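Biologist: Please take one part of this model and describe it closely. I would like to know where it sits and what surrounds it.

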Amino acid sequence: MGAHKFSGLCLHSVYVNVIVSDVVLCSLQPAFLDIYVNAILSAKEKPGKSLTEAFHPLYLQMSHEDFQSIVIPSSVKMLKRNPEIVLESVGILLKSVNLDLSKYAAEILSVVLAQARHADEGRRDGALAIVQSLSQKSSNPDALDTMFNAIKAVIKGIKCHYACVVGLL
């Protein structure tokens, strides 16, 4: 990693960790969200776990609107394009947010479940961590049933895409 990238990542980590006040975080949340999307979800290389965890205050303050309109599209896009880069980061995000994830489960599962059968153990672990967070943070029984059926289909060897998961609703 070049010195410029390293100093930029350190700056992001320090910047996020220094700001702890809810008032300051709320006023700067759009900037933090932009930094998060660029540094973590759109990264060219796998971001370090400590950098991803440095955004914890942002995860705790995230609204459904920001999650649905900014975070989910970026996460799904990168999970499709380069899952090995963002699986761990998306897992940390989902574990940390204070949101009901029921309405996002089908969209996320549609791209993550293929990783649960990947030859690489790290990818399987990352995918299972995401599935675990989705199931723990979903309150809608229909969403849980959808997740169960999608997982069952993958275990049986049926290739299940978004249309398959949505069709289970």
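Modeller: A helix here is a DSSP run of H or I with at least four residues, and helices are numbered from the N terminus. The model is a predicted one. By that definition S96 lies in helix α6, which covers residues 83–96. Buried means under 20% relative accessible area, so S96, at 11% relative accessibility, counts as buried. Its side chain reaches the backbone oxygen of I92 at 2.8 Å. Apart from neighbours within four places in sequence, S96 is in contact with H56, Y59, L60 and K137.

One of these residues, Y59, is also in contact with Y36. The other contacts of Y36, again leaving aside neighbours within four places in sequence, include L41, F55, L58, S89 and L93. Y36 is listed with F67 and L134 as having the most contacts inside the largest nonpolar core, a set of 44 residues. Helices α2, α4, α5, α6, α7, α8 and α9 each supply at least two residues of that core. Its largest share, 8 residues, comes from α2. In general, nonpolar side chains in soluble globular proteins tend to be buried together.

Helix α5 runs over residues 64–81 and has 18 residues. From first C-alpha to last it reaches 24 Å, close to the 26 Å expected at 1.5 Å a residue. A kink of about 40° lies at V71, shortly before the proline P73.

Methods: Residues are numbered from 1 along each chain as its sequence is written. This is a predicted model: local features need pLDDT of at least 70, side-chain atom pairs count only at pLDDT 80 or more; totals for chains, interfaces and linings use all residues. Side-chain values use heavy atoms; hydrogens and water are left out. The expected span of a helix is 1.5 Å times one less than its number of residues. The bend at a residue is the angle between axes fitted to the seven residues ending there and the seven starting there. Buried means under 20% relative accessible area, exposed over 50%, partly exposed in between (1.4 Å probe, protein chains only). A polar contact is a pair of N or O atoms within 3.5 Å; within protein, one must be able to donate a hydrogen and the other to accept it, and residues adjacent in sequence count only if both atoms are side-chain atoms. Contact means heavy atoms within 4.5 Å. A nonpolar core is a set of buried Ala, Val, Leu, Ile, Met, Phe, Trp, Tyr and Cys residues joined through side-chain atoms within 4.5 Å.
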